Each structure stands twice: as structure tokens, then as C-alpha cells.
Amino acid sequence: MKNERSYCGELNQGHIGKRVDLAGWVESNRDLGGLLFMRLRDVTGTIQVVVDDSSPRDAREAAEGAKSEFVVSVSGTVRAREEKNINPEQATGSIEVCAESITILNESLTPPIPIDAKEPIGEEARLRYRFLDLRRAEMREAIVQRHNAMQAARNYLSARRFLEIETPFLNKSTPEGARDYLVPSRVNRGQFYALPQSPQLFKQILMISGFDRYFQIVKCFRDEDLRNDRQPEFTQIDMELSFMDGHGIMGIVEELLAEIVRAITGTAVTTPFPRMTYKESMARFGTDAPDTRFGLEIADCGDIFGESGFSVFKSALASGGVVRGIAVPGTDLSRKMTDRYAEEAKRLGAGGLPMFRYNGEAPESGIAKFISPAEMTALRERFSLDGPAYCFFAADTPATTSSVLGSLRTMIARERNLVDDKKLAFLWITDFPLFEHSAEEGRYYSTHHPFTAPKAECAAMLDSLSPETADSVTAQAYDVVLNGVEIGGGSIRINDPGLQNRVFKLLGITPEEAETKFSFLIDALKYGAPPHGGIALGLDRILMILLGKQSIRDVIAFPKTARGQCLMSGAPSPVSAEQLRELNLKIIGT
């Protein structure tokens, strides 16, 4: 075979009259008697190969024997198609290659999944035969675009003095919110490495070591329940910078994301991105990762229903809860739909979903009989009602009402086609609380991680922290959201060992535990740690959104199932008794 070849999808009218050498897979083969049309595919796309009276006999014989997914090489001359045969839907639809020689390089069994399928293919079959699934145009495009995104990130960051530095995969187990994947050590019997949930500690060490701008496109591992936007191993664009505040870091990230969007979609992104505090986001959208492509915003109605005759509202307010609601314009919600919304509210922990229909003049149905004229006047203003609408309410704790109404607004928006899927709505969420308090466990947890710095004006509050004041200690943390999905999170880190120890104490991490788990970071902080901060962007989630996929499995070459299995390779799998003996391990139950 020749070393130099042309690529199918890169041929164009500029190649007309030129001789080319191609290699790839047979996508289809049609024999029309005197003419034979073969569609040849490689990583760039497809081209039509024609065998006609001018083609040698051995080329025709090879073409006749080449079935779907056979691997072949073709030599021939590019020519223009007859005008009536031009296919405008294909990039190479105005040209074809007249074959001078065809060689079958390898044969193929009949594929168990169709490579050129127009109808959906079951995901189990796609993952079992991933080596075939990756030949399909949409998967091939996703993997190529993934490469483009990573190259755009590397080029952008390298041009701004960032250094790409690798950090270890085998490290000690540290508490970072999810279960670690553990790796037993053969030479250190009874001891384990942990695969990194993130490079957090090492990238902070790099800042202390003087490498003031680090990045890495890195695999991370978390043993957690999976869903469409989670995998046990996922990829982050990881960054850390010294001598820069959060606003500066956000500015760099915005331009980086704009470069990635440009590389993937060819469109421009407006910067800077809008910014919203955590409290405002929860109040207006019920979530800290809101989709701002549509309205249906949540409004607090507790002041309106302070004297309500409706016992559910009265009871919730009397017990320190809240009454909040959303208004859905129109008259086209069926009873079946509203019943389904109520069931969803119950699933999320609410006792129900009080509602009424506003006909443009007065409330009717549902809880309408409990709505006084004064309350309706206030609700019209609160919800900006200028016509018929449905009003839904949640009366419970702030957390429950946020969960219910945040989920409900998204569900309704999807069902009523209120979401513009072509729009990219970036948003920064800032001013998170530094801690979350668990009443059940009687302890505090880090909202982000234990190395996040509080705002300077909040540091003094740590010594008098109580469950009632926990959410008033604000972190120097920031999340970037795209179309209702958190695609990255970061913060300014603690660089003072005294402050770090105070935070550890509040989190219930004893000095002995801190020494065991974080000794190298604690030691490093004592030797001139610069102010620093960073962020980790979820590459898989970004690509899922930009490419219009419903799962990150569709932008990863070899993903796992919801049970963490690779159906193609059979991982995870049992290991031999000898391997277990070498590691001093014994399986005691299955």
C-alpha cells in the first residue's frame, strides 16, 4: 500500500481530473448492470466510487465481491457528477471517483447493528458493539469534535502562559464527597491507592511550587450512582492560577469556553457571561444551575397569603415555611397534565401541588375558593399576569419548594416547547454558602470542598458559627452553568494554614485526620503559599450540550453503562486466585 492517500470526505471539485488513492470501508454497494456504485467511508466522510466500462475487469470483480463493511483500497480519477445525479445533502455529492483499481484488504461479517441506520439503535447493542457504533456518522463526528474541543482548549491556554502538567493517578484516599475507587498495593501489603476524584491537592501544590498557571485535560474517577451526565471516569479541563482573584479567573474561563464553542459550532459567544448569586438563583429558579432560556420564574407569595383561608398555606407559614409559586400562561393544560405535575411534586417530597386556573378575570377550579379578591390582585402583579394562566404553588420548607418548583418549571417548559435548543445560555453562579449543615448528622459539610476560602469579611464569623448562621458565611466560589447544567465549578483556595485548620475543625476533621489525609498540603501551606484559585470544567457535559446529545455516553469513545460496566470489554470482571493472593486479598461474599 502507498503511504500517502487521500481522504474520502475531503475530496471536492478542486480535485476533478486528479488521480487519488483511497482506503476505507464499504458503506453500500449497488450493481446496476453496466454500472456499479460503491460508497466508500473513512474518518472524514464518504465518496461515491463508480465502476463503469472504462474500469479494468479486476476492479469490477473486486467491487462485485465487496460487501458492506469490507475494507478496500481504491485508486481512480475524480470527476464531476452529471447534474441530474448531484446530491446536495452530501459534502461530496457533486463529485465521484471513477475506479481504476480496487483491492479487498479485509472482509467483514454482517454487522449486528446497522452502520447507516436512520432509526434509533438500542443503547445496549451500541455499547456491546462499540467498535461498530463508532463507525456511524454521528458518533464519528462526536469523537472528532471532542478532539477539536481539546485542541482549542490546549491552544488557548498555552498561548496564555499556562503549563500542562500531569498529576498522579495513584494517590492516597482523601474525602472529596464521593466514594473513591481503591487500588490495592502489591508491594505495600494491606495498603491502597485511590484513583483521583480530582487533582485538587496536587494543583494547589503546583501553585505553592511556583508554577503560577497550570492546566490539565485529565481523567477523574468517582464511585457514585450514574445517570445521563455522570460516568465513573470522566474528563475535566482542570486549571489553577496564582495571584488572581475570582473575577479574573472567570474572565479567562469565559474566553476559553467561547473558543471551544467557536471550534465546535462556528458561532460566537457573547462575553462576559451574566452573573447571579446563589440566593437569587434559588429564589428565582429553585436550583443553583438554572436554565435561563425561558421564564416561568418562581415568586415568593408568603406575604400575599399571610392571612390566607387555605389551611395548607396557613400551616406552612406558621411553622416557618414558605409559600412560593409559578404562573404558566395559557389555557391548554389538561387535567391529566396537572395531575401528573402533582404526582411529581409528591415524588419530590411535597404534600401536594395546590393550583388554580386564572381565566383573565378571576380564579377558578382547584383552590380558587380560597383566593380572596385582594390576594388575586396581588398575585396578578406578582406573576405579571396579563391573560389566562395556571398558578401552581408549593408550601413547605425553602429546600422542598425549590426542588418542586424548580423541577416543575423545567418539565412544563419542555412539554410546551418553551426551550430554544439552539440557544446557549451561559451563567455564573456566585456567593455560595461555604458550609451546609446537616441537622440529622449534627455536623457541617463543605458546599464545594474543604479548601475553598470564605470571603474575607466572613472569616471572622467562623469562630461563632451556628446552624442558624451557617448559610451566611459566603464562599469565594463560582459555578459556570450552560442551559441548566453545571459545566464547571471552582473557587479561591485557602492559602493560610491557620484558616485551613479552622475550617477543618468546623468540618469535624481532627488534627490527626487532617495530618493523615492532607499532610503534604498542610506542610506545603507553611512555606509561602501564594493566593491562588482555579476551576474544573466538565468536558463531557460541555460536548453533550454543544452537540445536542442527551447523554455524555454519546460523546465518550468507550463509556460505561449505568451499572458501571463496559459491555464491549466485559469490565469489571473477576480476577484469578493468584492475583488475589499477590495482593493479600480474599473475596468473602458476592
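**Backbone geometry, a buried glutamate and an enclosed cavity**

Phe243 is located in the loop that connects β10 and α6, where helices (H or I, at least four residues) and strands (E, at least two) are DSSP runs numbered from the N terminus. The model is predicted, so that local features need pLDDT of at least 70 and side-chain atom pairs count only at pLDDT 80 or more, whereas totals for chains, interfaces and linings use all residues. Residues are numbered from 1 along each chain as its sequence is written, and side-chain values use heavy atoms, with hydrogens and water left out.

Although Phe243 is not a glycine, its phi is positive, at about 60 degrees. Phe243 is exposed, because its relative accessible area is 63%; buried means under 20%, exposed over 50%, and partly exposed in between (1.4 Å probe, protein chains only). A positive phi, near 60 degrees, is also found at Asn584, a residue other than glycine. Asn584 belongs to the segment after α15 and is partly exposed, with a relative accessible area of 48%. Most residues other than glycine have a negative phi, and most peptide bonds are trans.

The bond from Thr271 to Pro272 is cis, with omega near 0 degrees, and Pro272 lies in the loop between α6 (246-265) and β11 (275-277). Ala571 and Pro572 are likewise joined by a cis peptide bond, with omega about -5 degrees; Pro572 is part of the loop between α14 (539-546) and α15 (577-582).

Strand β10 (residues 233-242) contains Glu240, which counts as buried because its relative accessibility is 0%. The side chain of Glu240 makes a polar contact with the side chain of Arg493 at 2.8 Å. Such a contact is a pair of N or O atoms within 3.5 Å; within protein, one must be able to donate a hydrogen and the other to accept it, and residues adjacent in sequence count only if both atoms are side-chain atoms. Beyond its neighbours within four places in sequence, Glu240 is in contact (heavy atoms within 4.5 Å) with residues including Phe162, Lys203, Asp212, Arg213, Tyr214, Arg493 and His532.

A cavity is a set of points, on a 1 Å grid over the protein atoms alone, where a 1.4 Å probe fits but cannot get out. Two cavities of 30 Å³ or more are counted. The second largest cavity is lined by Leu127, Arg130, Phe558, Pro559, Thr561, Gln565, Cys566, Leu567 and Met568, lining residues being those with an atom within 4 Å of a point.

Notes: 1 Å grid on protein atoms, 1.4 Å probe; cavity = no way out; pocket = protein on both sides within 12 Å on 5 of 7 lines; lining within 4 Å. Points joined across faces, edges and corners; volume = space filled by probe spheres on them.
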